[in-house]
Number of protein chains: 2
Amino acid sequence: LIARLGVVGLGLLGGSVAKAALVRGVAQEVVGFDVNPTTAATAKALAIVSRVADSVDSLAAQVDVVILATPVGTMRSLLTILAAHERPWFMDVGSTKQSVISEATAALGKGIERFIPAHPIAGGERSGPEAARDDLFVGRHAILTPLPANAPELLVSARTFWTQLGASVIEMSAAQHDAIFSAVSHVPHLASFALVAHYADRSDGPLLFKHAGGGFRDFARISGSSPVMWRDIALANKAAVLPDLDRYIDALQAMRHAIADGDGPYLTDTMTRARSMRARWLAGEFDTPAD
Amino acid sequence: LIARLGVVGLGLLGGSVAKAALVRGVAQEVVGFDVNPTTAATAKALAIVSRVADSVDSLAAQVDVVILATPVGTMRSLLTILAAHERPWFMDVGSTKQSVISEATAALGKGIERFIPAHPIAGGERSGPEAARDDLFVGRHAILTPLPANAPELLVSARTFWTQLGASVIEMSAAQHDAIFSAVSHVPHLASFALVAHYADRSDGPLLFKHAGGGFRDFARISGSSPVMWRDIALANKAAVLPDLDRYIDALQAMRHAIADGDGPYLTDTMTRARSMRARWLAGEFDTPAD
């Protein structure tokens, strides 16, 4: 049990960590902070947090653990504030890990031993504390990318924390994390944002949206996500995202040329490989134990 | 009321037309045909059709109206068979219209006056007669792209048919139809197929799919669609699909370069335009009357 948990950033992710920690008895008290006072007040009014702190500095002085649930681009300045506080240990929930680790190393110095990089795989296009759910992490993966400086006991605490929120914990290197999530999350988000923005810009945009159906709705759903969060992710993970985007563009070009050439077998083969991989995935074939 | 309705192709679309026509009293009897005898037998066993015909020729000899619910690539040979039968009038349900009209013109000659090109906007990644639903068209658009040769009374019958199946009928030119559905349906399907196939081909594919979450699931859903149907659509509508794919690739390239250049404002602007267009769409802003 954590006596006092601090949560910085009370949107969907941070709000859900706070709410779940209280509801599931993981923390006795949750102290929250959000840069937007309205968000903080809403979180307090919804009893997602026990109390609201005036600043990150004041929050850090009161708690045993700090969860940083803010866009990846804010990590450096937040960790610089936290560096002055020797009691708490820290976890982020960011979608990229190598960039966060490099900012944390710069901000914390020797204090990096108290920082455990984490990424719970949960979310949704809704945002804000109103969207927070105490079961957001149940049945989900929580990825930890531990640092050489982290003490084993601290890692046990981090694993316990996410397990108690209902997640299965998987450990991997930060580089492997970033490569995997570039492919399965970052590039699909960028592809969805790019398509929907392009149609929004077309002069026949309203006519297109009038006739858009269920397939487009699913494809476009992730374009409802937070622009600031996804800008930060794209920039922070550019080392993995750029080659993945290039490979995706190549795959689209190959499909384009097959259509131009009337190459039916190429199209059927490609579509069949996609369809059968998706079917195997949905059948659970890749749900192997952590590796 | 139609005394005898014929449906060629008893998959999700054709099966749903047959089932809905019987359940909603649009036809007294439905005669079905499918090139796959198992599919036809299943449709009969599920009472989706009243009877199964041995051939398209025999079906056409028995019915007043024929609905062609087969992949776009089969239209020419089917319409050539139908051309010999003078009683029934015909509608297709294909996702492309200009190519179908040109094949119908070649196959039917003067008989083209009895052919009304139609596209009900309904579907799903499930296929086969087991997936057929009598409410598949309820609340959906049914697009007609009438020909100059179609008699006004026949158009009234076609409109009535889809209205009785629960759809709202919209008329437009075949060229406009193909331009709109290239953008909102064909390109998203190709983009989804290309991404999922590319990941299926990667050596780390199984690891990627292990970690794929809800965003990827939505993006990938339409890659579960029928490869033969989508091959035919891509090839039949290439005049609209190729420039749309090129523009989409350009949009992805622009996003790629913004990431490489660290151009945060470009990314935030693009993502915000996408997010806000999607929100306006979901709020019903583009659900204007037919134009």
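This is a predicted model: local features need pLDDT of at least 70, side-chain atom pairs count only at pLDDT 80 or more; totals for chains, interfaces and linings use all residues.
Close-up 1. Apart from its neighbours within four places in sequence, B:S99 is in contact with B:V72 and B:A236, contact meaning heavy atoms within 4.5 Å. Residues are numbered from 1 along each chain as its sequence is written, chains are lettered from A and ligands numbered from 1 in the order in which they are written, and side-chain values use heavy atoms, with hydrogens and water left out. Local features need pLDDT of at least 70 and side-chain atom pairs count only at pLDDT 80 or more, whereas totals for chains, interfaces and linings use all residues.

Close-up 2. B:S16 counts as buried because its relative accessibility is 0%. A polar atom of the B:S16 side chain lies 2.7 Å from the backbone oxygen of B:L12. Not counting residues up to four places away in sequence, B:S16 touches B:G11, B:A132, B:R133, B:L136 and B:F137.

**Close-up 3. The interface of chain A and chain B.** Chain A and chain B each bring 91 residues to the contact. The area buried between the two chains is about 8,400 Å², and carbon and sulfur atoms give 69% of that area; buried area is the accessible area (1.4 Å probe) that two parts lose on being put together, summed over both. A:K210, A:H211 and A:W281 supply 9% of the area that chain A buries against chain B, more than any other three residues.

**Close-up 4. The salt bridge of A:R221 and B:D218.** The side chains of A:R221 and B:D218 meet at 2.1 Å, N to O, in a salt bridge (a side-chain nitrogen of Lys or Arg within 4 Å of a carboxyl oxygen of Asp or Glu). Across the interface of chain A and chain B, the rule finds 8 salt bridges. Among the elements of chain A that each supply at least two residues of the side touching chain B are β8 (141–144), α7 (174–201) and α12 (264–282). Helix α7(A) gives the most to that side, with 19 residues.

Conventions. Helices (H or I, at least four residues) and strands (E, at least two) are DSSP runs, numbered from the N terminus. Buried means under 20% relative accessible area, exposed over 50%, partly exposed in between (1.4 Å probe, protein chains only). A polar contact is a pair of N or O atoms within 3.5 Å; within protein, one must be able to donate a hydrogen and the other to accept it, and residues adjacent in sequence count only if both atoms are side-chain atoms.
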